[in-house]
Amino acid sequence: MRKFAYCKVVLATSLIWVLLDMFLLLYFSECNKCDEKKERGLPAGDVLEPVQKPHEGPGEMGKPVVIPKEDQEKMKEMFKINQFNLMASEMIALNRSLPDVRLEGPLESYVKKLKVPVHVIRMEQRSGLIRARLKGAAVSKGQVITFLDAHCECTVGWLEPLLARIKHDRKTVVCPIIDVISDDTFEYMAGSDMTYGGFNWKLNFRWYPVPQREMDRRKGDRTLPVRTPTMAGGLFSIDRDYFQEIGTYDAGMDIWGGENLEISFRIWQCGGTLEIVTCSHVGHVFRKATPYTFPGGTGQIINKNNRRLAEVWMDEFKNFFYIISPGVTKVDYGDISSRLGLRHKLQCRPFSWYLENIYPDSQIPRHYFSLGEIRNVETNQCLDNMARKENEKVGIFNCHGMGGNQVFSYTANKEIRTDDLCLDVSKLNGPVTMLKCHHLKGNQLWEYDPVKLTLQHVNSNQCLDKATDEDSQVPSIRDCSGSRSQQWLLRNVTLPEIF
Ligand SMILES: [Mn+2]
């Protein structure tokens, strides 16, 4: 019994201590309510950030505060209150400035050891690649400027073949073959000398096989540079003065996107040459998605840049692009007068010249009957490539009127085409697949009857029809019956034929 009473006393005293602790904790943790704090507090909403700019006052930039002799006694008294120099503490601004005491960046100390002079120049704020490159170019001194992305590795002898081409003709802008560094394992894989740069309907840069005409021009010698319609953008060398002469970059473009096509079109249209030098190899980490955020959204920035690109360089072909990407016409693209002035000053050629002479194998159909949606009369649904790839079935979906994957061209060759893919039927009753356009008619030949509104596949003698019950997301092909489900409306845009 006595033992039990003893336990009760221990428990009771413990409980009192716990309650007392909690009281003290709660009381002192509510310092925002303390009067003293209120007096010394700062106006609400005034967020203090670390300050690095030195301003006047005791202790600024982390300097020591020296108390004058006559105040030493008082200082010692005050010291006892908090066991630190309270007098000095009171003299220092609440948000005094401090020096940046972090270790020096490893990059800077590394480049100091290199045998060639290397300067690291940092942007004070995020500016995007165009303005960053312009800043780098402005401080460079060499006769040739070479731009490389940060995620590149150079191979033996990569630079000499590039420089040799510029020496031969200073208006030649040169790119190496871009080898692939795996984003996953960092394995290094040689890139192909059989692809060159182009662009698709959405004005995205794409690699395409080097066409036969370019092989013929080089008489089959694959060591000779390839004339490329566009550059990927990350890696190239250019004569310093020529870079200035042709107008560097469009500084009205933001962050990323479209600038590589802009400089490509400009080089060709304004009298320069753009080449891939097959003897030069530089590795690059290709990423599957952008790791960056874009102020206002990726779409906004790329649309603005592409709008500037189209307005300045593409002449009447901008309308083709706007049908594919109607969202582009809604963005504010700023002032392009200086770029138009540049084009005028350099007496640059029209975009049609570029398409005919430099990029005749481009994906833009030169002659077509219609460009836009292809709508089924019965179901009111539209053909849609559903962002599917080559060899996959073409889709059908509710019409959205936003261009993109629902834009098809019924070409003068009587193909139904979406970008570089054509609707193709190789056996009776389908399926209707999307294959690379071969321009040889055959299984890609379709006859549109503007009275009956039918799309007849010539080889099979069958008609394009609405989706079936088995698969509601692909159109079918059946014997022509004259039913409404086999009637299609082709959107004839305001420009039935650009040529
Ligand atoms: Mn890159």
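Residues are numbered from 1 along each chain as its sequence is written, and because the model is predicted, local features need pLDDT of at least 70 and side-chain atom pairs count only at pLDDT 80 or more, whereas totals for chains, interfaces and linings use all residues. Side-chain values rest on heavy atoms, with hydrogens and water left out. The mean pLDDT (the predictor's confidence in each residue, from 0 to 100) is 89, and 89% of the residues reach 70 or more. Over residues 29-45 the pLDDT is below 50, and beyond near neighbours in sequence this stretch has five contacts in the model, a contact meaning heavy atoms within 4.5 Å. Residues 494-499 also have a pLDDT below 50, with 15 contacts beyond near neighbours in sequence.

The secondary structure comes to 14 helices and 22 strands, where helices (H or I, at least four residues) and strands (E, at least two) are DSSP runs numbered from the N terminus. Of the 499 residues in the protein, 41% are buried, buried meaning under 20% relative accessible area, exposed over 50% and partly exposed in between, with a 1.4 Å probe and protein chains only. Among contacts between residues at least 6 apart in sequence, 65% join residues at least 24 apart.

Two packed helices are described by the angle between their axes and the distance between the axes. Here axes are lines fitted to C-alpha atoms, for helices over the stretch in contact, and angles run from 0 to 180 degrees between N-to-C directions. The axes of helix 10 (residues 259-269) and helix 14 (residues 351-358) come within 10 Å and cross at roughly 85°, so these two helices are roughly perpendicular to each other, a label given to angles of 65 to 115 degrees. Phe265, Trp268 and Gln269 of helix 10 meet Phe351, Trp353, Tyr354 and Ile358 of helix 14. By class, this contact has six nonpolar, one polar and no charged residues, with Ala, Val, Leu, Ile, Met, Phe, Trp, Tyr, Cys and Pro counted as nonpolar, Asp, Glu, Lys and Arg as charged, and the others, Gly among them, as polar.

Within helix 14, Phe351, Ser352, Tyr354, Leu355 and Ile358 are buried, and what covers the buried residues of this helix includes strand 5 (195-199), helix 8 (212-217), helix 10, helix 11 and helix 13. Helix 11 (residues 298-313) and helix 13 (residues 337-345) themselves pack at an angle of about 35°, with their axes 10 Å apart. Their contact is made by Arg308, Glu311, Val312 and Trp313 of helix 11 and Arg339, Leu340 and Arg343 of helix 13, and these residues divide into three nonpolar, no polar and four charged.

Some backbone details remain. Most residues other than glycine have a negative phi, and most peptide bonds are trans. The peptide bond from glycine 430 to proline 431 is cis, with omega near 10°. Proline 431 is found in the loop between strand 16 (421-424) and strand 17 (433-436), is partly exposed with a relative accessible area of 36%, and touches Lys393, Asp424 and Val425, not counting residues up to four places away in sequence. Asparagine 391, in the loop between strand 12 (381-384) and strand 13 (395-398), has a positive phi near 75° and is exposed, with a relative accessible area of 53%.

Terms used. Angles under 35 degrees count as roughly parallel, over 145 as roughly antiparallel, 65 to 115 as roughly perpendicular and the rest as oblique.
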